[in-house]
Amino acid sequence: MIAPFNQKFSEAFDPRSNNFDLIRIVAACLVIFSHAFPLLALTYEPIAELTNHYETGGGFAVNAFIVISGFLICRSLERATIISYAWSRFLRIVPALAAVTLAQMFVLGPIFTTVSLPDYFSNTSTWSQLKNLTIFNMQFRLETIFMDVPFAQIVNNPLWTLPIESFFYICLPLAFFVGLKGRKYFWLVPVSCLTGLYVMGLSGCSFADQCGASLWTLQHYTTLRLACFFSLGASIWIYRHSIPHSGWIAAGLVVVLALLPTTYLFVRDVVFAVFYSYLVVYAGCLPKLHIKTYEKLGDLSYGTYIVGWPVQQSILTIFGTSINPYVFGLVAIPPSLVLAYFMWNYVEKPALALKYHPVFSKTMRREA
């Protein structure tokens, strides 16, 4: 049944029963499937073809991740002190990132290196992987491994999103600090981001021409584009008591997006960001789809996302690049999920339990 206009997001959202985990794991698997095509040096990707090359499956997935992050992280910030908020963000990102980084250095490297182990461990690029732990200095290249694939030496390209998302985690408390928490002013954040994206589009900026980079080498166009999704997700939380959670609105937005022309992409970027953000949070707040098998496994989305690329590069190195891209995309998902399962149970879950350390327990509440 389509929800009526008088139901708001505040009424639709249930912190203990929602679809956000399900959306995130589907998005993580979509990233792996989408990467199968460029990893084989193919010039097409099926979802890009369906959208007239506006967005890839991986792009849709990352946008969904960022929208959900904005919605839930804004909720988290409202319910915690700055110290506990920062500690939670650290525990959510760094332990799993550290595990993957060490696995890349001490497992993948020795297995797939084309040089002797002494030469491998004396190579500066091997130890530069530890810079990943700073989050804002990601090292995607690990020399001497994955040498016979199209993306030679690129050990984990999807990590590029982590510095951007972490930057947003820093900016959100600053926005609260300067008084934008109130419903009267927070709308200035997404409006500013969307206006900036529109202006950058008029200036010719795009994925192909980022129009520069700043801070921690954050590329301007991509960072600002994702900032639109993050701030819109946060705004839906801030204005949850006023924004309708309506299936009629959602259906209308889907129709408009399907009919929206692909010309004047800078206009489409703005419209797409607003509509897509609503649709993602709308779906997340629908009555929960219970999938008992997945619910027993835990939250595998982050682990799946950060291990998918190394798994795919390993498969190509072992079996060659003549594999069908659709088969490749699907075959790479199960081992990624298995690794994510172990990551969740032996790294992420124990790390997140530290949120309730006595130092923080008085100010922390369990997040949805």
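I take buried to mean under 20% relative accessible area, exposed over 50%, and partly exposed in between (1.4 Å probe, protein chains only).

I note that this is a predicted model, in which local features need pLDDT of at least 70 and side-chain atom pairs count only at pLDDT 80 or more, while totals for chains, interfaces and linings use all residues. Residues are numbered from 1 along each chain as its sequence is written, and side-chain values use heavy atoms, with hydrogens and water left out.

**Cysteines**

I looked up disulfides, defined as pairs of cysteine sulfur atoms within 2.5 Å, and found one in the structure. It joins Cys205 to Cys211, with an S to S distance of 1.9 Å. I recorded -105 degrees about the S-S bond, a left-handed link. Cys205 counts as buried at 10% relative accessibility, whereas Cys211 is partly exposed at 31%.

I then checked Cys171, which is partly exposed with a relative accessible area of 29%. Its closest cysteine sulfur, in Cys193, is 8.8 Å away, too far for a bond. For Cys228, buried at 0% relative accessibility, the closest cysteine sulfur is also in Cys193, at 5.2 Å, again too far for a bond.

**Helix pair**

I turned to H9 (residues 188–202) and H10 (residues 220–238), which pack at an angle of about 150 degrees with axes 8 Å apart; helices here are DSSP runs (H or I, at least four residues), numbered from the N terminus. Axes are lines fitted to C-alpha atoms over the stretch in contact, and angles run from 0 to 180 degrees between N-to-C directions. H9 is therefore roughly antiparallel to H10 (over 145 degrees). I listed contacts (heavy atoms within 4.5 Å): among them, Cys193 in H9 and Cys228 in H10 take part.

Note on methods:
Helices (H or I, at least four residues) and strands (E, at least two) are DSSP runs, numbered from the N terminus. Angles under 35 degrees count as roughly parallel, over 145 as roughly antiparallel, 65 to 115 as roughly perpendicular and the rest as oblique.
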